[in-house]
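I opened this entry to look up the aromatic ring pairs. My notes follow the structure.

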Amino acid sequence: MGASFWIKRFIIALLGSSILLFCIELAKGHERAAAAQFAIVWGLAFAVLFTGIGYFRFKRNPACMLPQAREK
């Protein structure tokens, strides 16, 4: 798993969590600017933790992260 995998994983986690948090904050009645700021900060925190934990788990035991070969 190269750098591109981890960058894609980070971007997907960041976008997904930020969009979800932004929608939740808007539904709660917050202003768009405040909702966007909240979503970006907490989305970034989530993406860093999600990607970092996955990376360190992979480094500790890469065999667990690799796809299993199907037996024929």
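**Aromatic pairs**

I find Phe5, Trp6, Tyr55, Phe56 and Phe58 linked into a cluster by ring pairs. The model is predicted, so I note that local features need pLDDT of at least 70 and side-chain atom pairs pLDDT 80 or more, whereas totals for chains, interfaces and linings use all residues. Residues are numbered from 1 along each chain as its sequence is written, and side-chain values use heavy atoms, without hydrogens and water.

I count six aromatic pairs in the structure. Rings of Phe, Tyr and Trp (its six-membered ring) pair if their centres lie within 6.5 Å; planes under 30 degrees apart are stacked, over 60 edge-to-face and the rest tilted.

I looked up Trp6 and Tyr55: the ring centres are 5.5 Å apart and the planes stand at 90°, so this pair is edge-to-face. It joins distant parts of the chain, 49 residues apart, with Trp6 in helix α1 (residues 3-27) and Tyr55 in helix α2 (residues 32-60). Helices are DSSP runs (H or I, at least four residues), numbered from the N terminus.

I then checked accessibility (buried under 20% relative accessible area, exposed over 50%, partly exposed in between; 1.4 Å probe, protein chains only). Trp6 is buried at 9%, and Tyr55 is partly exposed at 33%.

I also looked up Trp6 with Phe58, a tilted pair with 5.9 Å between centres and 50° between planes. Here helix α1 and helix α2 are again linked, by residues 52 apart. Phe58 is buried, at 10% relative accessibility.

How values were computed. Helix = DSSP H or I, 4+ residues; strand = E, 2+ residues; numbered from the N terminus.
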